[in-house]
Amino acid sequence: MTLPTRAPRSSLSSPAVLRGLGVGVGLLLAVVTAVTGGAPGPGERALYDVAVSRLLPPLPTTADLVLVEVDDRALAALGERWPLSRATWARAFQALAAHRPNAVVVDILFDQPESRDALDLGEDVLERLRASGLTRTPEGAALATDLEARLHAQDGDARLAEAFSGLGRVILGSMALAEDAGPLPGEGNPLTAVPLRADRLRLEAKGLSTNLSALRLAAWGSGTLNVLLDADGVIRRYPYAVGVGGKAWPSLALATALRLWPERSEALLRVASTDDGAPLMRLPAPDWLPRVSLADVLAAGPSSVGLDLALREKTVFVGVTATGLHGQSTLPGQLAVPGVEIHAFAMDNLRTGRVLRATGGAALVGMGETALVLGLLLWRRGRARSLGRVVGQSAVILVAHVAFVAWLAADIGWVVPLLPGVVGLVLVTLAEAVVRTGDLQRQSGALKRLFGRFPTQPGAPTPKGTDTGAGPGDTDAPDAAAARSGADGPRR
């Protein structure tokens, strides 16, 4: 009797193909992550958010940066709605100048002039007064002088420009726009391009919206206020430069750092160029930046010792933090974060070099490490005698993979893809389980068929101690003897 022939195994279900599919999926994810801009790649954003907000150490508390915020208390104390009048801003910057900060960084765009209806009317009255000849009289001259002083006091744009000139170190914000906004800043403008390749920047725009000319001329520097939003609305990268018109224009953080530390400009630009000008950020602790309300700045005089200690020789960031106003952004693991705080800790990341890299060498290391992890599992599974051994070795390799990725991010600042290696390990382990389970089932079926060809003989000896119906001591009952006789038969 011949054994039944085994059905041919489908090529798609062969062990080599199943293992190859698992390895291929893992490597493909690693390559796609590297090509699309580095980690966090497809499906990795949530993992990155947990790592950067809970696992990586937060930025240490800073001592030379301070935030002057337009918070809810400041709006209530001023009795104004947003936006604040230019006269109020002028008073605020004049109050800041009394404490001599290192620099004042403004996360606000003054691109539109205030309404001049009343000013135009007053200037028209002043012109008519002078044309009438009444200014030749003492009363007319006094009236014209008083009217001129009042007009100057009500010209908020002019007073704000004077406040900037008095401070001397004001860095203003600008905005990169998706549409053309007119000619780009030229010579003498505080917003100047930086020597970075504009065609390799992650953030590109068509135009720039800058501040009023009188304010720009009185400022010390200027930088863009734009941030990068991922598809889920979370900010994970900070653009240190934006490409417009074939030039790279610095962000508010980069412009501030270049003004404060010009001797370190080469090193600062090298850090700013990481990951095409927009590296991943290290997040600060919730209380990382000391805060001072604008209400306290305006209420306290120059003789306030506490305010002087908080502001003197500090880099002061000015921005809006009031509830419901613009400038609220979402960071990994955090909800509403004012945009001015993002610029502040982006500058701290820049000056200390604590940025996270996900492209270039980090991307190559990620692909190589993923291939090494999957190759190691393929090698070890061939030496494992059981499926349990394969699962155990896969778990050990998985733990080592996660630890290696965490170490790279925490110590070196390289963010390599975590998910491709995990997916590849799981798929290869499942493929090995399917293959080994199928082999066991086939071996079990073969054994059953083999032993099924040899059925138990009906005259098999009865085990000792079994009750056969014979009396005690009868070792050779007639029925048993007859059965043996019939089984053996006569020999010839």
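Guide: We will go from the overall chain to rings, charges and helices.

Guide: This is a predicted model, in which local features need pLDDT of at least 70, side-chain atom pairs count only at pLDDT 80 or more, and totals for chains, interfaces and linings use all residues. Residues are numbered from 1 along each chain as its sequence is written, and side-chain values use heavy atoms, with hydrogens and water left out.

Visitor: How many helices and strands are there in the protein chain?
Guide: Helices (H or I, at least four residues) and strands (E, at least two) are DSSP runs, numbered from the N terminus. Here the protein chain has 18 helices and 12 strands.

Visitor: What percentage of the residues is buried?
Guide: Buried means under 20% relative accessible area, exposed over 50%, and partly exposed in between, with a 1.4 Å probe and protein chains only. Of the 492 residues in the protein chain, 43% are buried.

Visitor: How many aromatic pairs are there?
Guide: Rings of Phe, Tyr and Trp (its six-membered ring) pair if their centres lie within 6.5 Å; planes under 30 degrees apart count as stacked, over 60 as edge-to-face and the rest as tilted. That rule gives eight aromatic pairs. Take W82 and W89: their ring centres are 6.3 Å apart and their planes are at 85°, so this pair is edge-to-face. W82 is partly exposed because its relative accessibility is 22%, and W89 is buried because its value is 2%. Y238 and Y240 have ring centres 4.9 Å apart and planes at 70°, so they also form an edge-to-face pair. Both Y238 and Y240 are buried.

Visitor: Which residues do ring pairs link into a cluster?
Guide: The cluster consists of W82, W89, F93, F110 and F164.

Visitor: Where does the charged end of R380 sit?
Guide: A charge sits over a ring if NZ of Lys or CZ of Arg is within 6 Å of the ring centre and within 35 degrees of the ring normal. For R380, that ring belongs to W379, with the charged end 5.3 Å from its centre. Likewise, R264 lies over the face of W261, 5.8 Å from the ring centre.

Visitor: How are two packed helices described?
Guide: By the angle between their axes and the distance between the axes. Axes are lines fitted to C-alpha atoms, for helices over the stretch in contact, and angles run from 0 to 180 degrees between N-to-C directions. Helix 9 (residues 252–260) packs with helix 14 (residues 339–352) at an angle of about 50°, their axes 8 Å apart. Contact (heavy atoms within 4.5 Å) involves residues including L252 of helix 9 and H343 of helix 14.
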